Amino acid sequence: MDGNGRWAQNHSLGRIAGHRKGAESVRNIVEACRKIGISYLTLYAFSSENWSRPEREVRALMTLLERYLRSEVKVMLKNNIRLLAIGDTEALPEKVRAVLRDTIEKTAGNTAMTLILALNYGSHDEILGAVRKLIDEACQGKIRASDVTLERFAGYLSTRGIPDPDLLIRTSGEYRLSNFLLWQMAYTEFYFTDTLWPDFREEQLIEAISGYQKRERRFGLTSDQVQKRA
Ligand code: IPE
Ligand code: MG
């Protein structure tokens, strides 16, 4: 979700006002995904590198996150949405952790859609963590190198049980992954748009999905093979 700062600048506002507007897009997009029938939506809300931003901005982002969770739990319950979080959430302020835990618990039984917030998330850290766990278990003689299949490795990541993304949307004209779901996006389709996140709403989402639907996902096969299998 990129471009809150530039949106604010374009409107002669401070960066925090941009984040507030961005939170409105979050509400709009979650609702739109639920309506369309998207089963999993992952939002990169705060990266492990975002801590280096000015302290005031980090504090405002945490407050916004806390408020968002407090106000949205009702909506999630009403719309049968389950909340999950990936990333090192232990490092978040206690107030945020508490409401996050609470919302995850309250929505655990919901089945229509899973909303995953990436918070203090970084893909390198996630992969390293998995490797460390595997080495520990190997040293204890619990696992052998040949046991480490793709499926097993994926089970050591914070996304265990969550399917790999079909579509990645990056807003604001940036063409980077920024340490996001590197392992999980081996076959993900990428969509880049100049639209800034606060301006990204249902209409823009539908456009992205329509583009995605016109693509042929070959997973290494030839077009001919894919056609025959369909
Ligand atoms: C939102 O956009 C990203 C978050 C960390 C929430 P930015 O704050 O990165 O916006 P730009 O890149 O300055 O426009
Ligand atoms: Mg940015």
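Around ligand 1 stand M1, D2, G3, N4, G5, R6, R15, H19, A45, N50, R53 and L61, a residue being counted as near when one of its heavy atoms lies within 4 Å of the molecule. This is a predicted model, in which local features need pLDDT of at least 70 and side-chain atom pairs count only at pLDDT 80 or more, whereas totals for chains, interfaces and linings use all residues. Residues are numbered from 1 along each chain as its sequence is written, chains are lettered from A and ligands numbered from 1 in the order in which they are written, and side-chain values use heavy atoms, with hydrogens and water left out.

By class, this shell comprises 3 nonpolar, 5 polar and 4 charged residues, where Ala, Val, Leu, Ile, Met, Phe, Trp, Tyr, Cys and Pro count as nonpolar, Asp, Glu, Lys and Arg as charged, and the others, Gly among them, as polar. Helix 1 (4–10) and helix 2 (15–36) each supply at least two residues of the shell, and helix 1 gives the most, with 3 residues; helices here are DSSP runs of H or I with at least four residues, and strands are runs of E with at least two, numbered from the N terminus.

Among the polar contacts (pairs of N or O atoms within 3.5 Å), a polar side-chain atom of R53 lies 2.7 Å from an oxygen atom of ligand 1, an N or O atom in the side chain of D2 is 2.9 Å from a ligand oxygen, and N4 contributes a backbone N or O atom at 3.1 Å from an oxygen of the ligand. The protein covers 86% of the 390 Å² of accessible area that ligand 1 has on its own, as computed by the Shrake-Rupley method with a 1.4 Å probe.

In helix 7 (residues 202–213), Q204, L205, A208, I209 and Y212 are buried, that is, under 20% relative accessible area, with exposed meaning over 50% and partly exposed in between (1.4 Å probe, protein chains only). These residues cover an arc of only 135° around the axis, so they lie on the same side of helix 7, the arc being that of the directions from the helix axis to the C-beta atoms. On the other side of helix 7, E203, E207 and Q213 are exposed.

F219, with phi near 45°, lies in the loop between helix 7 and helix 8 (223–229) and is partly exposed, at 46%.

Note on methods:
Polar contact = N/O pair within 3.5 Å; in protein donor to acceptor, adjacent residues only side chain to side chain.
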